[in-house]
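Student: I have a structure to look at today, and I would like to talk it through with someone. Could we go over it together?

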Amino acid sequence: MAAYKIPTAEHVNEALRLIPTAPLRRAFFEGLKNPHWVLPLAQAGMFSNPPEPERMSDGLVRDHYWPEIDFLVRVAEAAPKAVVDVLLTLQDSNNAWIRRSVFTIGASIPAIEAVRLKPVIKAWSASDFGWRSDPRDIVGFVVNLLHGGQTKMGKWMANLLFRPQASEDPHKPNLALEDYWYEEGLPRVVEALSDEGLKTVLPWLEEYEIRSNHLTDNFDMTDFARESIRDKGARHPSVEQSLIDAVRDLAVKATAKDPRTAKTVLTRRPMLLTRKITLFAATEALREGGFQHSDLLSVATELLADDNFRNDACRIEFGELAREVAILSPSALDSLVDFITAGPQRDMDQLRERLRRDDEESDEELENRVGEIVDTWKHRWLSAVGAKALPHALKSLLAELDSRRGVIDAPLAALNKVTSWVGPSSPISQVEMSAMSPTELVSHLESWHDTGDGWGPEPSHEGQGRELSGLLTTNPRALDGVKGLADKLRPTYLRAILQGWKTAVQADLELNWDHATELIRQVLRHSDISPFPVEGGNWDDDVDFQGAKRAAVNLLEELVKQRAKPAISTETVGVFANLLLRESDDEAAWTRYDSEDTAGGTDPLTLSLNRQWPTRIRGLLNLMSHGKQAPWYEEARSAIERDIERPDIPGASRAVIGERLGRLLVVDPEWLRERTAQLFGSAEGVSREQQIALTTAMATHHYHITLYELLAPAILAATRSSEPLVAGWGGGSEPIQRIGEWVISAIIFGHKTLADPAAEAFFASTKPRVRGAAIGRIAWSMMNSSSVDDAILDRFADLWDRRVEHVRNHEEDKQELSEFFWFVKSGKFDSSWWLPRLKEAVELSPEVAAERFMIGKEIASSADSDPRGALEATKLLLTNRDGAAMSVWDLTHHAVPMVLARAISSDDRQLKQEAVQFMNELGENGNSGLEKEVQDVLSGKVTQDDVAE
């Protein structure tokens with residue numbers, strides 16, 4: 001500050017006389033760096049009349065840039081008192097630039113001065129800090145206050161920002177900061193709060209749970225937010241998870257420092273989530289050596305004896321603390337004997353009523369089921385505490401439960417539950433299964449029964465089946481030698497075996513082919529009716545053999561593919577072919593498929609993967625793919641011919657035909673050509689089933705001239721259709737756009753011209769948006785190619801010019817040009833070609849500027865060879881900003897500084913003036929740092945390489 005001179009009254013008056021207009025005033029304040037000018041300028045009234053927001057004719061609000069505020073920001077650290085004095089006079093202003101600057105200044109000046117800004121903040125509501133205000137500066141303001149000893153205002157501001165408030169949505173609290181900035185800023189504030197942190201932040205978490213309707217006078221669901229306080233697992237970052245982490249870490253520090261006070265603070269409100277955090281904090285404090293604190297072990301022992309902390313939601317944290325306490329004082333866990341003996345903290349009569357299946361069930365049967373649930377509870381709690389920590393009286397009980405029910409592998413692991421339902425589980429793990437002999441494993445599967453009711457984490461047949469399937473995926477011979485599986489095992493397990501084997505084959509593992517043949521044959525020949533009574537709740541056990549039969553056909557479809565690994569002899573493939581051709585020819589499967597209501601559901605190709613009848617169609621086509629010389633070829637082809645005569649309304653079989661078009665053309669072109677019109681349609685029209693086959697073929701195959709010419713009549717009819725085409729596959733482009741992509745590919749590869757009937761129909765009949773999307777998709781695909789032949793690029797460029805000529809004469813079709821930015825982004829066209837065409841595209845079709853393009857780096861690069869063209873294109877693209885925030889950001893950061901610098905440094909005087917004028921316009925709209933960015937380019941601090949990165 002000493003380097004600057006204090007202005008005299010004459011200096012100030014002369015300066016004011018020389019800046020009567022807005023541009024001159026802006027130039028003055030943007031160049032002024034002397035902090036001594038703040039007070040005299042304020043006394044002269046230069047800071048007393050900031051512009052108010054202006055509502056435009058389109059309903060949008062424009063915040064006028066006020067250069068005076070940038071001067072105040074620039075000198076605030078050197079003259080904090082004077083700047084704050086000025087800001088205190090501006091609290092009634094609604095200018096968003098002023099509100100932004102208040103936080104920027106408050107974060108950078110000494111806290112003793114920043115605290116004086118409280119009246120300004122209080123004049124605004126927390127929801128109106130100004131949309132331009134940077135959340136990082138707002139949080140920085142709070143941190144500055146706290147670190148600077150202004151704790152009272154710092155906590156006031158922290159509560160204003162981070163304490164959840166009521167909102168119209170009963171499940172989502174109102175927050176002053178958006179979620180991302182809340183999550184990023186909270187740790188900074190927590191660190192600054194220090195010893196005051198727990199008392200300040202804990203109420204935020206409690207308020208969040210109340211405002212989210214997780215905690216009411218009638219119920220407490222807060223434990224659902226985090227099953228394990230230690231780790232949120234796979235849960236996504238969120239405000240709630242950030243608050244839990246913050247309170248958790250603060251609680252550990254507070255408990256280690258003063259256990260008794262920390263316990264009082266944490267237990268003031270009996271919220272389940274806070275109880276879990278309390279137990280966790282005591283555990284971590286002990287682990288960090290806090291046992292040396294005279295009160296910590298006593299407090300930990302009290303927590304373990306308190307019934308409030310024995311809620312099932314606290315099991316993991318209770319177990320962790322019990323293990324730590326037992327190391328120091330084993331007798332502290334003696335009270336667990338009575339706790340475990342008493343059983344779950346629930347109304348047992350209510351449980352019996354819920355479990356009772358019917359009036360005929362005996363009391364003994366009901367009590368056995370209740371006993372299973374109680375044993376499950378005891379097993380989980382005892383396992384959580386662990387054998388080493390348990391009192392002697394409970395060690396034997398845990399050993400007995402382990403022996404009878406199997407050891408719980410990870411008793412302290414979180415299941416990441418969302419509701420009380422945690423999905424199917426297994427009574428034994430894959431590891432335990434792998435230790436059994438095939439006979440022992442089958443014997444276990446035969447004898448095990450599901451005694452649960454389908455709710456909660458009780459083991460089920462479905463859960464055990466998934467473990468079995470996982471075992472066979474990596475060890476497909478784990479059941480070798482056991483005959484008659486279809487008679488011994490439930491269909492749930494048979495389905496699991498077949499599914500595991502299919503995955504193993506896909507991983508190139510070899511099965512016992514004879515064993516697989518036997519089971520597939522047994523399952524396919526079995527009645528749909530299962531002899532096994534269904535056990536458990538819904539989806540815990542297959543009610544019939546339909547799922548197992550579907551799995552058998554799925555496995556056959558995989559086994560009859562042409563494959564090098566695992567090697568299957570032709571003779572063995574013949575056996576599987578026979579099973580597929582004869583044993584799986586199931587009319588009931590067709591009836592089930594045909595009768596299902598699939599309206600508005602799964603697309604036909606996906607449906608074909610999940611239904612038995614169309615899966616068999618895919619298997620038959622796999623058999624045909626072996627070639628005409630294969631012994632089963634004629635029979636497989638005949639079976640296909642019979643099945644394609646069926647009226648397939650869902651269309652799954654037609655999707656399979658479309659998917660395998662290329663292979664059929666290679667194997668039996670004569671047969672396929674004879675049936676092309678039947679399967680895919682003709683110039684006279686395409687039915688719904690033919691549309692499915694056609695659109696699937698085009699979606700699953702790359703363009704090829706042979707396929708194009710084969711399907712040309714159907715393509716022409718589909719293009720002329722007045723109704724939307726049915727998509728055989730839901731992935732990729734919509735059907736009519738995909739047709740356009742093939743049409744364009746035929747042209748640019750030189751196979752067809754715009755005079756081709758399909759091309760004429762596409763460009764004449766489809767919507768401009770679809771045409772533009774098809775052109776853009778082809779340009780996008782070039783971006784992902786290492787190289788493209790010059791001849792193809794030339795034809796594509798010529799096609800574009802012809803379409804532009806069309807739009808010049810048909811303004812209503814301007815949307816066809818909307819995706820030109822992919823030509824730029826592809827990197828395959830020189831900027832001398834695309835830059836003038838980009839400008840024309842924007843002029844003809846403003847939609848180009850509204851697209852979410854990201855071509856700032858490419859435009860910056862073009863400024864080296866054509867600075868005028870780059871500037872004009874940039875100006876055009878920034879004219880239409882609606883709905884293109886990311887594109888505007890990309891241009892502003894990557895293109896604008898380089899483009900302006902190249903224009904300013906050019907020899908074209910007029911271009912220089914235009915660049916400076918454009919820079920000033922952007923500055924007035926809020927890009928206050930732009931001039932420095934341009935200077936960095938001009939001085940060589942920033943280069944094209946820097947932009948490219």
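The conversation below moves from the whole chain to some helix pairs, a group of rings and one glutamate.

Student: Let's begin with the whole protein chain. How many helices and strands does its secondary structure come to?
Tutor: Happy to start there, and please keep in mind that this is a predicted model. The C-alpha atoms fill a box of roughly 110 × 90 × 45 Å along the principal axes. The secondary structure of the protein chain comes to 51 helices and 2 strands.

Student: What percentage of the residues in the protein chain is buried?
Tutor: Let's look at the contacts too: among those with a separation of 6 or more, 73% join residues 24 or more positions apart. As for burial, of the 949 residues in the protein chain, the buried share is 52%.

Student: Is the crossing of α26 and α27 left-handed or right-handed?
Tutor: Start with the geometry: helix α26 (residues 491-506) and helix α27 (residues 513-525) have axes that come within 11 Å and cross at roughly 135°. These two helices are therefore oblique to each other. As α26 passes α27, the crossing is left-handed.

Student: How many polar residues does the contact of α26 with α27 have?
Tutor: In α26, the residues are Leu494, Ile497, Leu498 and Trp501, and they meet His515, Ala516, Leu519, Ile520 and Val523 in α27. Sorted by class, the contact of α26 with α27 has 8 nonpolar residues, no charged ones, and a polar count of 1.

Student: I'm curious about the rings. Is the pair of phenylalanine 796 and phenylalanine 823 stacked or tilted?
Tutor: A search of the whole structure finds 33 aromatic pairs. In the pair of phenylalanine 796 and phenylalanine 823, the centres are 4.6 Å apart and the planes are at 35°. The pair of phenylalanine 796 and phenylalanine 823 is tilted.

Student: How many residues apart in sequence are the parts that this pair ties together?
Tutor: Phenylalanine 796 lies in helix α42 (residues 790-809), while phenylalanine 823 lies in helix α43 (residues 821-826). Phenylalanine 796 is buried, at a relative accessible area of 0%, and phenylalanine 823 is buried at 0% as well. The pair therefore ties together parts whose separation in sequence is 27 residues.

Student: And which residues do ring pairs link into a cluster?
Tutor: Phenylalanine 820 and phenylalanine 823 have ring centres 5.0 Å apart and planes at 20°, so that pair is stacked. Phenylalanine 820 is buried too, with a relative accessible area of 0%. The cluster linked by ring pairs consists of Phe796, Trp800, Phe820, Phe823, Phe829 and Trp833.

Student: Last one: is glutamate 240 buried or exposed?
Tutor: Glutamate 240 is in helix α13 (residues 239-257). Leaving out residues up to four places away in sequence, glutamate 240 touches Tyr208, Glu209, His214 and Ala225. Its relative accessible area is 11%, and buried means under 20%, so glutamate 240 counts as buried.

Conventions:
Residues are numbered from 1 along each chain as its sequence is written. This is a predicted model: local features need pLDDT of at least 70, side-chain atom pairs count only at pLDDT 80 or more; totals for chains, interfaces and linings use all residues. Side-chain values use heavy atoms; hydrogens and water are left out. Rings of Phe, Tyr and Trp (its six-membered ring) pair if their centres lie within 6.5 Å; planes under 30 degrees apart count as stacked, over 60 as edge-to-face and the rest as tilted. Helices (H or I, at least four residues) and strands (E, at least two) are DSSP runs, numbered from the N terminus. Buried means under 20% relative accessible area, exposed over 50%, partly exposed in between (1.4 Å probe, protein chains only). Contact means heavy atoms within 4.5 Å. Axes are lines fitted to C-alpha atoms, for helices over the stretch in contact, and angles run from 0 to 180 degrees between N-to-C directions. Angles under 35 degrees count as roughly parallel, over 145 as roughly antiparallel, 65 to 115 as roughly perpendicular and the rest as oblique. A crossing is left-handed if the near helix is turned anticlockwise from the far one by less than a right angle, and right-handed if clockwise. Ala, Val, Leu, Ile, Met, Phe, Trp, Tyr, Cys and Pro count as nonpolar, Asp, Glu, Lys and Arg as charged, and the others, Gly among them, as polar.
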